[in-house]
Amino acid sequence: MQNTKESRKQFEINTRNDLLKLGNKYAYEKKFYEINKIIENKAESNKDTIGNIYAKTNIGLYYFNLFSNDSAYYYFSKAEKLSLQLKGNPHICEIFQYKADLLWCQKDFSAAETTAIKSLKNSKGNNIVTYSSYLTIANALFGMNNYDKSLIYYNKALIKLEELKKLKQYNELKTQTYNYIAKVYQKKKLYQKVIEYLKINVNLIKIKKTDLITYSHVVNTIAYSKLKLNDKSSLLLFKEVEKIADSIKFVPTQVEVKTYMGEYYLIQQDKVKASTYLKDAQKLAHKNNIFEDELKILKLLEQANPNLSNFYSDRYIILNDSLQDVERATRDKFARIEFETDEITNQKEIVSKENNLLNKRIWIISVFGLLSLLVIVLWFMNKSQKAKTRELLLKQEQQKANEAIYQLMIDQQQQMEEGKNIEKQRISLELHDGVMGKLSAVRLNLYAALYKENLIENEVFSKQIDEIQEVEKEIRTIAHDLSSKLFSDNANFIGIVKELFTKIENHSQIHFTLEVSEAVNWDLINNSIKINLYRILQEALQNIEKYANAKNVCLTMSLIESNEINIVISDDGIGFDTNKKSNGIGIKNMKARIVELNGKFNIKSELHQGTEINLTIPF
Amino acid sequence: MIVRILMIDDHPGMIEGYKAMLSLNKEQHNIETISAFNCEEAYNIIINPANSSAFDLVFLDYSIPEFLEQKIYNGEDLGVLIRKHLPNAKIIMLTAHFDAIRLYNVVKKIQPNGLLVKSDYKPPHLLDAFEKVLAGETYYTPIVLEKVKEPLFTKGFLDTLDREIIVLLAEGFQIKTIATKMNVSEDTIKKRKSKIKDLLGIEKGSDEDILKECRALGLL
């Protein structure tokens, strides 16, 4: 899968490269444009940015070659934008160079210079581009009449050119550069130097064979210098250049040479001939939008036709104005194109800035997130610690509460005992002082009455009187026993347990048996344990009362170890299935309490076989 | 001769019985009686200065309704008052109690001229006691004579306060109540209790143990 994808991509690239090669064969022809359009479309759909850059640059070059500078500029800018999106900005130096050339052609020299410098900065190792950039910078400086500086750059270009000897066009390029330098001298009016310079550096015969255009340029330069030196041999040279230019229909040279010839005839005072050449030149320049030259020609025409000087000066002014307008409009247009691409670049920058910001934010958020996580973790640890402490405190409090409850129960029990004792005492007193006293009184009165009637000797009566006394004694014993047993039901744990039984016995048919081993010293057992045991018993007895349907319940409490108590609660009720998970809350509560006491809990039960709960509690 | 008797008993029937019995006296004494049925009535008669020599004899029951206002709880307390306000009157204490402590306390405090335990004597013994006391003798029923010999008391080991505490404990009162009744602090009661325990040879134990031991010794 991966491989097919890779190979597909490679195939696309190969196709694109083949197409580019094919296109280059038709360089700057219509076919070149068409092929590059295809490459562009394919690149767009395949997201092949490199291919797209190639295609756009080539299309730009095609328009540039057609003098369609707007369109060319548009495509170069697009290519530039695409290149800037990619890592390493491929081919950016070439694109800058083309743009700089284009700007130079538009006579926007300062922009051309700036762009060429940009190209230079990006041209690492690309000698052709470096050379071209030097040349463009020099040309721009030349255009800005900065001749000395332009000379420096032309020379730099020449030096660079030495590294391009392998290039097919090496000679032509070299000649071209010499020609540019010569033109600087020409501008500086060093006409003799121009001729000598070119004679030394340019092999005219050789260049004539390889590149007629360059040859014609050089000859033109020499001829013009000769013209300025009043050397009439210049005319021959001009005629040769004119012939060449006409034959290959190279407009700029045609215009230039005809202008020069016009100038020549002006100097020779042959205004008719001068006018003819200049008019030709003017027409050509006008037709091909070479306005700069047209202006020059119009000025010359003014001189050649003093009668028509107003006409030509008007045209000059109009053209100059419109030229300035066009120039301004073009610059505006370029600026607009630049702005559009800039805007996109800006957007890209904004996006990348936003990305940076986002990255920063992500960092900040991550750091904050980690910090807050840490804080939360610490907080939780702290909280759990606190919770543990609180749990411990709660347990302590619960124990205290348990003991307090037990104490309360004991107190209550004691109060009840005291109440009971008081009641017993009251009954005892009632018997002792009341009933017994009344009986005594009855006995005394009866004795006295019988005595008065002389019946006292009667055995029946005396025996009955003695009998009453016996009853009195019996009552006295009962009363005594009652009061002497006042403390037999002491307030203690067993008392409280018995109270539990009593409460249930009061409203049910259950009979309780309590067997407590004498060996258990309840005073040694912590009140907290006792209250838990009490609750367990309460729970167990409630369960028995509610569900067991038992008649007899037996509770035994005995000592198994010196510090372990064993409690067995058994009943003869209906029992239950201990395997059922749905043990009630009651049993869960009992288990929880036993766990709290570190004890053991065992419950045995079968249906209709009763239930036995066995507890072992250490103390 | 006329014998004036103050009869203090909460049972009117009992007083009637005493009267009926005394009417049978062999010396043919005329018996004049005034009755009081509780501590308050008795107190008012006793402390009335007009009565200071109004009685030859007082029949005094031990358990009668108390007069809280004056902290008079029983016949024993009344006996003390009688000895103070009615110096000429002789006292015959008739009680249903037969425990050593109470009997000993009564003997110690008021030295009654007669001391009879109800249900322990037969009616003729009442007449014997009456005549003997009138004659200036003392008449104690045999059980009393036996009980008051208790060496713990006679040799002064358990003093009056100790004995009272034991009595009140036996009546089922808590320390707080006992302290209030005896008009002493709770601490005093606690100290006394530990002294009683030491005397009775109880190392550690509750109030119940004190009472158990007392019963075993026949003190209660």
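Of the 619 residues of chain A, 35% count as buried, and the secondary structure of this chain comes to 21 helices and five strands. The model is a predicted one, and every value below is computed from it. In chain A, among contacts with a separation of 6 or more, 59% are between residues 24 or more positions apart. In chain B, six strands form an open sheet whose pairing is parallel, and 24 residues of chain B are in contact with 29 residues of chain A.

**Two places in chain A**

- A:Asn171 lies in helix 9 of chain A, which covers residues 170-187, and it is partly exposed, because 17 other C-beta atoms are within 10 Å and a residue needs 20 or more to be buried and 12 or fewer to be exposed.
- Once its neighbours within four places in sequence are left aside, A:Asn171 is in contact with A:Lys206, A:Ile207 and A:Thr210.
- A:Asn145 is located in the loop that runs between helix 7 (127-143) and helix 8 (147-161) of chain A, and A:Asn145 has a positive phi of about 60° although it is not a glycine.
- Most residues other than glycine have a negative phi, which is the background for reading that angle.
- A:Asn145 is exposed, because 9 other C-beta atoms are within 10 Å, and the limit for an exposed residue is 12 or fewer.

**The sheet of chain B**

- The six strands of the sheet in chain B follow the order 2-1-3-4-5-6, so strand 2 (30-36) and strand 6 (139-140) stand at the edges, where each has a single partner strand and one side of each is left without a neighbour in the sheet.
- Strand 1 of chain B, residues 2-8, runs parallel to strand 2 of chain B and is joined to it by seven bridges; in this region B:Ile5 stands opposite B:Thr33 of strand 2 of chain B.
- Helix 1 of chain B packs on the sheet, where it touches strand 1, strand 2 and strand 3 (57-61) of chain B, and the direction of helix 1 makes about 170° with that of strand 2 of chain B.
- Strand 1 of chain B is also joined to strand 3 of chain B, by four bridges and again in parallel, and the bridge partner of B:Ile8 in strand 3 of chain B is B:Leu60.
- Strand 3 of chain B is in turn joined by five bridges to strand 4 of chain B, residues 90-95, which runs parallel to it, and here B:Asp61 has B:Leu94 as its bridge partner.
- Strand 3 of chain B is mostly covered, since five of its five residues are buried. In a regular strand the side chains alternate between the two faces of the sheet. In strand 3 of chain B both faces are covered, with B:Leu57, B:Phe59 and B:Asp61 buried on one side and B:Val58 and B:Leu60 buried on the other.

**Around helix 5 of chain B**

- B:Ser119 is found in the loop between strand 5 (114-117) and helix 5 of chain B, and its phi is near 65°, a positive value in a residue other than glycine.
- B:Ser119 is buried, because 22 other C-beta atoms are within 10 Å, and the limit for a buried residue is 20 or more.
- Helix 5 of chain B has 12 residues (123-134), which at 1.5 Å a residue should span 16 Å, and its end C-alpha atoms are 17 Å apart, which agrees.
- The buried residues of helix 5 of chain B are B:Pro123, B:Leu126, B:Ala129 and B:Phe130; they cover an arc of only 105° around the axis, so they are on the same side of helix 5.
- Just after helix 5 of chain B, B:Gly136 takes a positive phi of about 95°.

**Where chain B touches chain A**

- On the side of chain B that touches chain A, helix 1 (12-22) and helix 11 (207-216) of chain B each supply at least two residues, and helix 1 of chain B gives the most, with seven residues.
- The residues on this side of chain B divide into 10 nonpolar, eight polar and six charged.

Terms used. Residues numbered from 1 in each chain as written. Chains lettered and ligands numbered in written order. Predicted model: local features only at pLDDT ≥ 70, side-chain atom pairs only at ≥ 80, totals over all residues. Expected span 1.5 Å × (residues − 1). Arc of directions from axis to C-beta. Contact = placed C-beta atoms within 7 Å. Nonpolar A, V, L, I, M, F, W, Y, C, P; charged D, E, K, R; others polar. Pairing = 2+ DSSP bridges. Axes fitted to C-alpha atoms, helices over the stretch in contact; angles between N-to-C directions.
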